[in-house]
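Subject: Handing over a structure

Dear colleague,

I am passing the structure below on to you, and I would be glad if you could look through it with the notes that follow.

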Amino acid sequence: MARLHEHEGKALLAEAGFTIPRGSVAASPAEAREVAEALGGPCVVKIQAWTTGRKAIGGVAIVDSPEAAAAEAERMLGMSVGAFPVEKVLIEELVEIDRELFISLYIDDAARAPRILLSLSGGSGIEERGAGVHRLTCDVRSGVDEAELDAALAESDLEQAIRPKVAEAVRAVFDVAKKHEARSVEINPLAIGRRSALRADEFEVVAADCRMTIDDYAVFRHPDLGIEIARELDHPPTKLERIAYEIEQADHRGTFYFAQLNWVDRHSEPISDWVDRHSEPISDSQEETTTAAALATDASARRADLPLVGFHGAGGGGSMMSMDAITSEGFTIANFTDTSGNPSAAKVYRAARIILSQPGLVGYFGSGSGVASQEQFWSAYGLAKAFWELNLDIPAVIRLGGNSEDRAVEILESVNDLVPATIEGYKKDDPPRMIADRFARLVAGSVREPWKPRRPRVPDYVGADFAFRFEITGGRVWIDTRDWDSTKATVLAHAAELLKDDNGRPALAVSQDEIAGKDSELIACEVECRRAGAPVVFVELDIRGLD
């Protein structure tokens, strides 16, 4: 479920007739001061983050001057929630609350219908007061059951003058959810109180807070909401997540899921302390039967530095198991990535490029289910291309279990001759815990400085007039023609009958429309030609926002 920030949800409530506190968001202390000056009275400053318990972590503050609002904004904008920085704060007029209520609409999957929860006692700790919550039936066409709503209000001790306003608020919550196809709308508290804009004896029903989620599958019908990624995240989408989501939406050959788990750069210093605790020499014949208990004990001693690892999984369950294995070795995971469902080589390549756009990594760890019914050599080709282009200099350990795993491991490990890093491939019978231990030893034995993102290298014939070029979906292919007579046999042997020789020049053997979708085959041709000592084919793939 795609989430909206508090201020975004409140704007939708206001459109439906709700009363909300006056205010605005700010991305800097100066903006916060301007908002507070315009409000002209006591204010509340709140971080805009997708988390509960904001007050407990210092994310809510009451201020009595523009200067204090600016100071609190500066402090809050320096906070991180989880591993992600706070980017905006909401400054609102202070509401003098006389009483707190609670309203929440959710989708009851069992009943296949929306329901509304109404409590006449809201605020924090509502979860512990479930017995006093009214559960109101809703019809998807007509809204809340009016008889149930009237009965709930009749049982209450609310003043008669306030009850119609509460009923209007309940109906408006349903209307907002239906209009915007929300999976949930929560107002806690729905405050009965006075705003600074009112006379001292005037009371209103005010939405003092709001949490709202939109159905992922309905997001495309609501571009006005500005939701960039139609899935549930615990933070606003990062730049790399936006780039990855665009790739996912453009290429449906297999899945590609990317989420950053640690965005704050805390890992730019040398990792010598962690390495000192992993200083055992690396041995290819080393006994790999370390017990789980010993690994857990060793891992607990390593956690102090928590060096960052780029994670690349394949399949949800196997990826979770593999993430457990690598974190048990004392690493922290920078991202979660899943390419499965028989992904194209191009999709895996782009995934690797995005993973390696994160600074501070000490290695690249890939492992998934190990029994995937997909041709793993396509993934190997995508990884081999990305590792060569970025001249990888941190260890990479990849478990490519599944169909054609022997061929996949051979392709992957052939890159060792072309980059400074050690790259090792493993198969389905190699347990994640064993390869995670091997990965830790490789990091300890070779990494002194964390990864620094860089521009990919390209051959000198890319862009040259003498090169043969043709377009494919999402990019273009370049072939060096300077020594075509001696390299054409190698190229044509690996070109999957897509290319031919035409009077001493490379040419297409199929139509432009057909070859446009053959990016995986052409990536394979590029990698195989490079392995054969004839690096004369290069597939230039676009990654909008990254290149």
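A salt bridge is here a side-chain nitrogen of Lys or Arg within 4 Å of a carboxyl oxygen of Asp or Glu. Please keep in mind that this is a predicted model, in which local features need pLDDT of at least 70 and side-chain atom pairs count only at pLDDT 80 or more, while totals for chains, interfaces and linings use all residues. Residues are numbered from 1 along each chain as its sequence is written, and side-chain values use heavy atoms, with hydrogens and water left out.

To begin with the chain as a whole, it holds 16 helices and 28 strands, where helices (H or I, at least four residues) and strands (E, at least two) are DSSP runs numbered from the N terminus. Of its 547 residues, 53% count as buried, a word that stands for under 20% relative accessible area, with exposed meaning over 50% and partly exposed in between (1.4 Å probe, protein chains only). The accessible surface comes to about 23,900 Å², and 49% of that belongs to carbon and sulfur atoms; these areas come from the Shrake-Rupley method with a 1.4 Å probe, and for residues only the protein chains shown count as cover. If a contact is taken as heavy atoms within 4.5 Å, then among contacts between residues at least 6 apart in sequence, 72% join residues at least 24 apart.

Turning to charged side chains, the count comes to 38 salt bridges. One of them joins E424 and R438, at 2.8 Å from N to O. Because E424 lies in strand β23 (residues 423–426) and R438 in helix α13 (residues 432–446), this pair ties together parts that are 14 residues apart in sequence, and both E424 and R438 are buried.

Another salt bridge is formed by D501 and K488, whose closest N and O atoms are 3.9 Å apart. Here D501 belongs to strand β26 (residues 499–501) and K488 to helix α14 (residues 484–493), so the pair ties together parts that are 13 residues apart in sequence. D501 is partly exposed, with a relative accessible area of 29%, and K488 is partly exposed at 26%.

D108 and R115 also form a salt bridge, with their closest N and O atoms 2.7 Å apart; D108 is buried at 17% relative accessible area, whereas R115 counts as partly exposed at 23%.

C529 is in no disulfide, the nearest cysteine sulfur, that of C525, being 4.0 Å away. C529 is buried at 0% relative accessibility, and C138 is buried too, at 6%.

Lastly, there is an open sheet of three strands in the order β24-β25-β28, with antiparallel pairing, where two strands pair if DSSP finds at least two bridges between them. β24 (468–472) and β28 (537–541) stand at the edges, each with a single partner strand, so one side of each is left without a neighbour in the sheet. Strand β25 (residues 475–479) pairs with β28 in the antiparallel sense over five bridges, and the bridge partner of I479 in β28 is V537.

How values were computed:
A disulfide is a pair of cysteine sulfur atoms within 2.5 Å.
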